[in-house]
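Here are a few exercises to work through with the model open on your screen. Try each task before you read its solution.

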Amino acid sequence: MHSTILPTDERFVQRKVGLVTRAQRRLARFFRYQRSNAVLARLLLAVCAMATIYRVFFFSVSPINIDIDGTGSFEFYDYSKQQSSGAGASAREERILLCTPLRNAEDVIDLMFDHLQNLTYPHHLIDLAFLVSDSDDKTEELLEKRAKLAFKLPQEERFGSVDIFKRSSFGATVGQGFDDRHGVAVQGVRRKLMGRARNWLLSAALKPHHSWVYWRDADIETSPKTILEDLMAHDRDVIVPNVWRPLPKWLGGQQPYDLNSWMESEAALELAKTLDEDEVIVEGYAEYPTWRPHLAYFRREDGMGNINDIVDLDGIGGVSILAKAKVFRAGINFPGFAFENHAETEGFGKMARKQGFSVAGLPQYTIWHKYEPSVDDIREMKERERQGLPID
Ligand SMILES: Nc1nc2c(ncn2[C@@H]2O[C@H](COP(=O)(O)OP(=O)(O)OP(=O)(O)O)[C@@H](O)[C@H]2O)c(=O)[nH]1
Ligand SMILES: *[C@@H]1O[C@H](CO)[C@@H](O)[C@H](O)[C@H]1NC(C)=O
Ligand SMILES: [Mg+2]
């Protein structure tokens with residue numbers, strides 16, 4: 001049985017005991033009982049101090065934790081040396097918080113975890129945080145099972161920590177089926193809701209030692225194993241890859257998917273002037289003719305473009321976002337209301353730009369969203385089957 005207070009399972013939470021605290025305690029004991037070995041003890045102390053300095057001051061932020069007689073603790077964090085650097089982040093032990101919101105995602109939990117397990121960035125530097133909300137399927141159960149299995153893996157494959165948060169009051173009224181999610185009328189409501197869910201997850205999970213935050217949707221089919229290093233290498237404050245989806249051959253084989261990554265246009269700014277303050281522009285729908293250049297359409301369909309191509313963006317999609325933690329620490333978030341007529345990730349992109357952060361996208365570096373047939377696709381597929389036409 002679960003208690004209502006998280007974490008639900010103590011074994012689940014990997015507590016990291018600070019090097020300083022443990023070593024200090026041991027050395028204090030050593031000093032007390034081994035006075036005759038004072039020289040050796042001092043030598044050890046010096047080595048330990050150097051290791052501490054190396055770790056605390058040259059790498060990411062770690063607390064200097066002093067337990068005051070077991071009655072309480074005092075933690076001191078030094079941010080003056082914290083970095084979110086481009087190449088070489090793992091050598092500097094920069095830690096990443098990887099956030100994934102989940103709703104009725106039982107079909108993709110295993111796929112998602114396989115992807116995470118395949119990431120080449122050192123796993124002990126990745127902390128996973130999941131938010132399960134408004135789900136009435138086996139999402140929570142399966143997620144917990146996979147997370148526990150992950151702790152049984154060899155040390156080098158284990159993640160730094162795994163946190164699962166459950167909340168059920170974002171008031172989702174929109175279904176999670178493909179057609180439910182894609183009608184234009186529900187988009188504004190849905191995006192504001194998702195914004196709140198993302199902010200909630202981030203504020204619960206972001207710790208002082210995180211240098212980066214990576215947002216990753218559960219429903220990704222194909223993604224490079226080196227995506228974290230690849231995105232970091234560009235050294236932008238916020239960066240997204242291109243997101244397409246595979247299609248059955250009879251539907252063209254492939255298609256741009258995420259239209260939420262775009263550059264602002266004059267037409268859209270004019271359109272915004274005619275809208276109610278609370279209205280959310282929904283990109284990619286005829287109802288909102290924005291004429292914005294979309295990141296998705298910059299990609300060469302033959303896949304032969306230069307994967308290092310990079311463009312500045314204003315709005316971004318949420319399928320896969322790498323951001324420096326300082327962006328969130330500066331107060332930029334996923335608006336759960338209309339900010340310049342955008343919510344959630346598109347609002348996040350706009351807000352980050354407004355505060356002077358760099359926001360970019362990679363047109364030729366592509367990840368693939370899972371293909372889910374729409375009601376129309378299924379109908380057509382049945383028709384093709386009836387006519388004896390191929391349906392793959
Ligand atoms: N916690 C939480 N997660 C959600 C909710 N709605 C969707 N998600 C998750 O958020 C991620 C993105 O949701 P999707 O429904 O795939 O939306 P999307 O990819 O932005 O857009 P489409 O795929 O185009 O609908 C997935 O991992 C979902 O499981 C919600 O209300 N609460
Ligand atoms: C993980 O890596 C293995 C080995 O390269 C590969 O076979 C598998 O398809 C990968 N999993 C995912 C989900 O990409
Ligand atoms: Mg999706």
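**Exercise 1: Strand partners**

Keep in mind that this is a predicted model. Task: find out how many bridges pair S6 with S11, and in which sense the two strands run.

Solution. Step one: S6 and S11 pair up antiparallel, with five bridges between them. Step two: pick Trp212 and look across, and you land on Lys324 in S11 as its bridge partner. Step three: turn to strand S8 (residues 238-246), which is also antiparallel to S11 and is joined to it by two bridges. Here Ile239 sits opposite Leu322 of S11.

**Exercise 2: Cover on S11**

Solution. Start with the whole strand: S11 spans residues 320-324, and five of its five residues are buried.

**Exercise 3: The metal**

Task: identify which residues coordinate the magnesium ion (ligand 3).

Solution. Look for the donors: Asp219 (OD) and His369 (NE2) hold the ion at 2.2 to 2.3 Å. Then place them in the chain: Asp219 is in the loop between S6 and strand S7 (220-222), while His369 belongs to strand S12 (residues 359-369), 150 residues apart. Last, check cover: both Asp219 and His369 are buried.

**Exercise 4: Ligand 2**

Task: list what surrounds ligand 2.

Solution. The neighbours are Asp114, His115, Asn118 and Lys225. Sorted by class, that's two polar, two charged and no nonpolar residues. As for cover, ligand 2 alone exposes 360 Å², and the protein buries 44% of that.

Note on methods
Residues numbered from 1 in each chain as written. Chains lettered and ligands numbered in written order. Predicted model: local features only at pLDDT ≥ 70, side-chain atom pairs only at ≥ 80, totals over all residues. Heavy atoms only, no water. Donors = N, O, S within 2.8 Å, 3.2 Å for Na, K, Ca; no water. Helix = DSSP H or I, 4+ residues; strand = E, 2+ residues; numbered from the N terminus. Buried < 20%, exposed > 50% of the residue type's maximum accessible area, 1.4 Å probe, protein only. Near = heavy atom within 4 Å. Areas by Shrake-Rupley, 256 points an atom, 1.4 Å probe, with all protein chains shown as cover. Nonpolar A, V, L, I, M, F, W, Y, C, P; charged D, E, K, R; others polar. Pairing = 2+ DSSP bridges.
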